Amino acid sequence: MIETKQLIFTYPAEEGREPSPALRGVDLQIEKGSFVVVLGHNGSGKSTLAKHFNAVLLPSGGAVYVDGMDTRDELVTLEIRRRVGMVFQNPDNQIVANVVEEDVAFAPENLGVPTAEIRRRVDDALAAVGMGEFPTHAPHLLSGGQKQRIAIAGVIAMEPETIVLDEATAMLDPVGRRDVLAAVHKLNQERGITVVLITHHMAEAVDADRVVVMNRGEIVMDGAPAEIFSRVEELHALGLCSPDTVELLYGLNRGGMDLPLTAISVEDCADAIAVALGKME
Ligand SMILES: Nc1ncnc2c1ncn2[C@@H]1O[C@H](COP(=O)(O)OP(=O)(O)OP(=O)(O)O)[C@@H](O)[C@H]1O
Ligand SMILES: [Mg+2]
């Protein structure tokens, strides 16, 4: 489990400017095995928060614990990095080798994992992200979505407890985004890997266990997707929106209909509208 307690973080200020905290007292507990989506407009502190989860950044105030280990304790930094893997936005910056299987093996090799065990982990990780047929391919010839799945396989090969994806689908086309998201949901459901997904795509939050909304370095909303997304006007005030389904229901309600804003999946939304139209005939 990852826990932050009154976490404050301030980047070093530019000359002549007052430092302004990027995180202003964040209390958050992420349960093992959960799928948590973090939303918030640009500069709200999402990436800064995520970088505290694997000790890339250390608190200016408060504390962060990973399975009870304090991230400020240098003796446990490597263990924390092994337990919490990160995937970033640009797949090209995350590929380190010229052959897919060598790329996936890179991190466990650095950890000193025995060769036979590495073979097993690489095959397993590639299968887990649906890239089992590409072990000897050149990563730079793959699509963006395929590269991101290779990057995720590289993290899986470390056998982490948690994967943090910081806008990992932002540069992908809709199909690439769907494939990466499906791979991540599978890892969560079948292996119980905790997932923290930072995104600007509201639709990616629909199937999460929990949605956390950040604003100006603070958590301002925290709850189940249906609960958070039905608070349409609050989200608009934060410079955010709900998924298209809820925005449609909200728009129809403003036009005089009475639809439930909790129908966030496309199926539920369509059903709710069909029922309402049936009543109008
Ligand atoms: N390396 C840095 N040095 C100084 N200030 C920074 C640095 N990185 C981020 N900041 C500032 O910290 C605040 C939070 O930034 P952060 O990158 O965590 O936001 P974010 O929610 O991830 O935004 P985005 O959606 O654009 O990725 C912003 O005000 C930003 O300008
Ligand atoms: Mg960011």
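Trainee: Which domains does the domain assignment of the chain give?

Mentor: This is a predicted model, in which local features need pLDDT of at least 70, side-chain atom pairs count only at pLDDT 80 or more, and totals for chains, interfaces and linings use all residues. Residues are numbered from 1 along each chain as its sequence is written, while chains are lettered from A and ligands numbered from 1 in the order in which they are written. The bounds come from an automatic or database domain assignment, and it gives domain 1 (2-235) and domain 2 (243-281).

Trainee: Which helix gives the most to the side of domain 1 that touches domain 2?

Mentor: The centres of the two domains, taken over C-alpha atoms, are separated by 33 Å. Eight residues of domain 1 are in contact with seven residues of domain 2 (C-beta atoms, placed from the backbone, within 7 Å). With three residues, the largest share on the domain 1 side belongs to residues 225-229 (helices are DSSP runs of H or I, at least four residues, and strands are runs of E, at least two, numbered from the N terminus), which form helix α7.

Trainee: How many residues of that side of domain 1 are nonpolar?

Mentor: Ala, Val, Leu, Ile, Met, Phe, Trp, Tyr, Cys and Pro count as nonpolar, Asp, Glu, Lys and Arg as charged, and the others, Gly among them, as polar. On the side of domain 1 that touches domain 2, no residue is charged and one is polar. The nonpolar residues there number seven.

Trainee: Which residue in β9 is the bridge partner of V36?

Mentor: Strands of a sheet pair through backbone hydrogen bonds, either parallel or antiparallel. In β9, the partner of V36 is R210.

Trainee: In the open sheet of four strands, why is one side of β2 and of β5 left without a neighbour?

Mentor: This sheet has antiparallel pairing and the order β2-β1-β4-β5. One side of β2 (23-30) and of β5 (69-70) has no neighbour because each stands at an edge, with a single partner strand.

Trainee: Which residue of β5 stands opposite Y65?

Mentor: Strand β4 (residues 61-66) pairs with β5 in the antiparallel sense over two bridges. Across from β1, which five bridges join to β4, E3 has Y65 as its bridge partner. In β5, the residue opposite Y65 is D70.

Trainee: At what angle do α3 and α5 cross?

Mentor: V100, D103, V104, F106 and A107 in α3 meet I150, A153 and G154 in α5. The axes (lines fitted to C-alpha atoms over the stretch in contact, with angles from 0 to 180 degrees between N-to-C directions) come within 7 Å. Helix α3 (residues 100-110) and helix α5 (residues 144-156) cross at roughly 35 degrees.

Trainee: How many charged residues does the shell around ligand 1 have?

Mentor: Ligand 1 is surrounded by ten residues, Y11, A22, G40, N42, G43, S44, G45, K46, S47 and T48 (C-beta atom, placed from the backbone, within 6 Å). By class, two of the shell are nonpolar and seven polar. The number of charged residues is one.

Definitions and conventions. Pairing = 2+ DSSP bridges. Contact = placed C-beta atoms within 7 Å.
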